[in-house]
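Open the model in your viewer and keep the sequence panel beside it. The stops below say what to select and what is there.

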Amino acid sequence: MNLKIYENYESLSHGAANQIIEVVRQKPCAVLCLAAGDTPRLAYTLMVNMAKTEGIDFANCTFIGLDEWLGISPVNEGSCHHFLRRHIFEPLSISNDKIHLFDALTEDPQGECRKMDKTIIENKGIDLMLVGIGMNGHIGFNEPAGSFQAYSHVVELDETSRTVGQKYFREQTTLTSGITLGLGHMLEARQVILVANGSKKADIIRRTIEEDVTPLLPASLIRNHVDAYVILDKEAGSLLTPR
Ligand code: F6R
């Protein structure tokens, strides 16, 4: 696992954006799985700007959704769907046939999971997965005490995710379950980047990197990945033992 600690959120975001661009430069038909959330937002803005100024074409990339709040409409501003459209797909003019997101309004969530797993196999796996980390150490919606081997599945959200998740919604919203890629997908992705910023993430980052690799802390599994990068700002890295 490679650890990079940047001076601040801006430089961290530049670093993450550069790394995504590099993957697409080397493989214009890359399969990308990019998390929603506050942490990567600036990286995506910078990535879109770089793509435009440097002529990097994302049109042949395939986009795989990482997760979604079950029961939340894609037009709801708090949905991952809405976030990805606004920050990535619309500014890069990605065509719908290149976008595979979970349908959170489906009446058959298990079928939706099987469909996503099949899509990933048909596209020959994920080249780059960029993830954030939840305050409880979740990756996507792989909550503590889930399985390291799981593929797409439906999860009961834990209390932390339900509470913290309110920050994405304008109004108080009932968040009970999610649909997510599994940690098996993360392990099989060719490259994984985990981004975290701010002092509020410092303790969970310390535990992720310095304590045991355990399903109780899903993000810790990144340490078993052969090509993983943990990209932090100084605040998120502030509790790590100096090397
Ligand atoms: C979102 C996702 C979540 C977030 C995590 C951190 O698609 O998969 O796991 O990455 O909750 O969210 P932020 O970046 O808002 O702190």
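## First stop: His185

Select His185, which counts as buried because its relative accessibility is 5%, under the 20% cut-off for that class. Bear in mind throughout that this is a predicted model. His185 sits in helix H6, which covers residues 183–188. Leaving out residues up to four places away in sequence, His185 touches Asp117, Ile120, Met129, Ala150, Tyr151 and Ser152.

## Second stop: helix H3

Next, select residues 80–89, which form helix H3. Of its 10 residues, 7 are buried, so the helix is largely enclosed by the rest of the structure. Colour the buried ones: Cys80, His81, Phe83, Leu84, His87, Ile88 and Phe89. Then turn the view until you look down the axis of H3; the buried residues fall within an arc of 160°, so they line one face of the helix.

Setting aside neighbours within four places in sequence, its contacts are Tyr9, Val195, Ala196, Asn197 and Lys201. To relate this stop to the previous one, draw a distance between the C-alpha atoms of Thr39 and Ile88: the separation is 14 Å, for two residues 49 apart along the chain.

## Last stop: the whole protein

The protein has 7 helices and 10 strands. Its C-alpha trace spans about 45 × 40 × 35 Å along the principal axes.

Colour by burial: 56% of the 243 residues are buried. Of the contacts between residues at least 6 apart in sequence, 79% join residues at least 24 apart.

Finally, switch to a surface view. The accessible surface is about 11,000 Å², and 49% of this belongs to carbon and sulfur atoms. If you mark the charges, there are 23 positive and 31 negative ones, with mean positions 4 Å apart.

Conventions:
Residues are numbered from 1 along each chain as its sequence is written. This is a predicted model: local features need pLDDT of at least 70, side-chain atom pairs count only at pLDDT 80 or more; totals for chains, interfaces and linings use all residues. Side-chain values use heavy atoms; hydrogens and water are left out. Buried means under 20% relative accessible area, exposed over 50%, partly exposed in between (1.4 Å probe, protein chains only). Helices (H or I, at least four residues) and strands (E, at least two) are DSSP runs, numbered from the N terminus. The arc is that of the directions from the helix axis to the C-beta atoms. Contact means heavy atoms within 4.5 Å. Accessible areas come from the Shrake-Rupley method with a 1.4 Å probe; for residues, only the protein chains shown count as cover. Lys and Arg count as positive and Asp and Glu as negative; His and the chain ends are not counted. The place of a charge is taken as NZ of Lys, CZ of Arg, CG of Asp or CD of Glu.
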